[in-house]
Amino acid sequence: MEIDSRSALDMEKEDDRCLIEQVELTVPKTDDPTLPVLTFRMWVLGLVSCILLSFVNQFFWYRTQPLTVSAISAQIAVVPLGHFMARVLPTRRFFQGTRLEFTMNPGPFNVKEHVLITIFANCGAGTVYASHILTAVKLLYKRELTFLPAFIVMLTTQVLGFGWAGIFRKYLVEPEKMWWPGNLVQVSLFSALHENSKRPKGSMTRTQFFLVVMIASFAYYIFPGYLLIMLTTISWVCWIRPKSILVNQLGSGMNGLGIGSFAIDWSTISSYLGTPLASPWFASANVAVGFFLVMYVMTPITYWSNIYSAKTFPIFSSHLFMANGSMYEVLDVIDSRFQLDHGEYAKKGPLHLSTFFACTYGLGFAALSATVMHVLLFNARDILDAFHGNKKKDVHARLMKSYKSVPTLWFIIILVINIALIIFASVYYKESLQLPWWGAMLACFMAFAFTYPIGVIYATTNMEPGLNVITEYVIGYLYPERPVANMCFKVYGYISMTQALQFVMDFKLGHYMKIPPRAMFTAQMVGTVVSVVVYQCTAWWLMSDIRNLCDTSLLPPGSPWTCPMDRVFFDASVIWGLVGPRRIFGNLGEYSNINWFFLGGAIAPVLVWLAHRAFPKQKWILAVNMPVLLGATGMMPPATAINFTSWIFVAFVSGFVVFRYRQDWWKKYNYVVSGGLDAGTAFVTILLFLTLQSQNINLEWWGNKGEPCPLATCPTAKGVIVDGCPVL
């Protein structure tokens, strides 16, 4: 009997063990269903966090040096406020004995309240991408767009993702394999901020360690953020021969291959790929291989072979060029109807891209087709198991059975209402939005079709392939020379999917932290609507209050209101919506061969699958993830080599060295380090901006002159004349 009971106990422990080791080491397997969640202080702190972050982020978005305040700032700041409210608010019960009974103070401030407050903050910290349309139409195209259609577009793009999230949560939240690595940073940080353990002798608690890291990060970032900016890009190779174009191209971390270039700056390391401490090593290794192949194999071969006249343009650039290497003035080819001026376009000639930029578009095509094939080949069984309910529930899913789930009908109702609003806006405001109803429906279909395959990649690798290029590509072909339609199609096709995955990721965070699903749904829904209202009202106020906002030709010299991010969005709408992909990647363009990347991307996962079938004992083959490998450089540009080289090094130290050889330390502190670095950098960035940079108080000296590679952007073709570059 004793043996049987011991065996049963062992089986129960094994049953509770998580399949993913990082989850096993990080996420608590306990729950207290009696903890209050939708409390008065949660609503107050959550709404205030959402409103403040929405206002601040939209306000600073238009500035030359845009500042994004992340949710982690609110996540830290509300802890003392929550405990303060728990001490001072009255405990009296209102409407006692009725269904409306509540109290302003149900007891100590708890972790579940804290999670929901952070969900509110996430809604305010994540930008409302569709606000770019409002800015582009009103300020850059200078066309009429009234408040109501703008609000409908902004609201529907944010909330539409709720429908997709509700449909796919069964397949992207409940399965144990869908572990969403980025959430583990939050889980670890919540645990650290609410732990009650005593300090071990000769060591520190996670809360103490977090505070030490945050303070150190705060103090250190003053150097790369203000006093010694060169720490953000140390490209020492350029010092060897600063007047050599070749050496500048090889050594520049900002405009070249970045050989030997590195950064000692957390914001540079984590700015585009997210925190390397949250990336599982197999995903980081795929990113490293992909980056190496693109940056150190493909780019040198294509550039020095002069493919697509590569030497006429910079080796690394996202700008548009004329055939002679000079910059292409896009606004010169727009007529009075805001459509392409065919006569002027014929005079100036076709658009030219740097070969690197053209190839990165191709890699984006490849990553997308690879994503679909990878999921079909490697996740088909998981889909069927989830569909039929055959998959065994893990310990977290079993604990979540204590709470009522959100009915799928709620999500379907939200989806139907959103689609109806989108069609109404497309028909009634056709002159302003240019997007026909069938275009809106096609965008919704694309978002629906790609939410699951991209969600699988994101949930298992912390890397999200993007739909931005393919959405612009599709509508650019089907409905050319209408830039506003192109923008609207992109936000409905791409951003609604991105929002869906953000909601799903939040659902998984609630799954790990044992938040009642209906409470999570309420916080997400309310936070999303509030953030949209605040973002639009702030943007509308700034547009009416700041003269010539975003118009660099009319703004006074040194004005901070140049809107660089909106300008990039506007330029993309001109390229894909006005000029159109047919004149770039189609039969009228120079880069039609780039379309072969679609086929290459579809074939690549098949080769990995065949290799696995041929050599089933070689487990490393399954770690080869073609969507991640091919899409590794999807953020380049604007990301540069320096962001990748530094990120890969830190990811290797954390995900391979420390995880393998110091696992106890990794378990206790890895994600806490990430949270501390994020928090310290966020707080000091805000402080530097408000006290010095917003007043244009800058420190001029050698250490702040930037990267010492001025010739990295120079062409190497003979006879090409570019300001600041030698003529060869």
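In the predicted model, helices α6 (residues 131-140) and α23 (residues 517-545) pack with their axes 11 Å apart and at an angle of about 15°. Since angles under 35 degrees count as roughly parallel, α6 and α23 are therefore roughly parallel to each other. The contact is formed by L134, T135, K138 and L139 of α6, which meet A539, W540 and M543 of α23. Five of the residues in this contact are nonpolar, one is polar and one is charged. The crossing of the two helices, α6 and α23, is right-handed.

The search of the whole structure returned 52 aromatic pairs. In the pair of F411 and F521, the ring centres lie 5.4 Å apart and the planes stand at 90°, so the arrangement is edge-to-face.

W701 has a relative accessible area of 38% and is partly exposed, whereas W702, at 55% relative accessibility, counts as exposed. Elsewhere, ring pairs join Y308, F357, Y361, F365, Y473, Y477, W576, F585, Y591 and F598 into a cluster.

S49 lies in helix α3 (residues 40-61). Its relative accessibility is 7%, so S49 counts as buried. Leaving aside residues up to four places away in sequence, S49 touches A74, V78, I117 and A121.

Key: Residues are numbered from 1 along each chain as its sequence is written. This is a predicted model: local features need pLDDT of at least 70, side-chain atom pairs count only at pLDDT 80 or more; totals for chains, interfaces and linings use all residues. Side-chain values use heavy atoms; hydrogens and water are left out. Axes are lines fitted to C-alpha atoms, for helices over the stretch in contact, and angles run from 0 to 180 degrees between N-to-C directions. Helices (H or I, at least four residues) and strands (E, at least two) are DSSP runs, numbered from the N terminus. Angles under 35 degrees count as roughly parallel, over 145 as roughly antiparallel, 65 to 115 as roughly perpendicular and the rest as oblique. A crossing is left-handed if the near helix is turned anticlockwise from the far one by less than a right angle, and right-handed if clockwise. Contact means heavy atoms within 4.5 Å. Ala, Val, Leu, Ile, Met, Phe, Trp, Tyr, Cys and Pro count as nonpolar, Asp, Glu, Lys and Arg as charged, and the others, Gly among them, as polar. Buried means under 20% relative accessible area, exposed over 50%, partly exposed in between (1.4 Å probe, protein chains only). Rings of Phe, Tyr and Trp (its six-membered ring) pair if their centres lie within 6.5 Å; planes under 30 degrees apart count as stacked, over 60 as edge-to-face and the rest as tilted.
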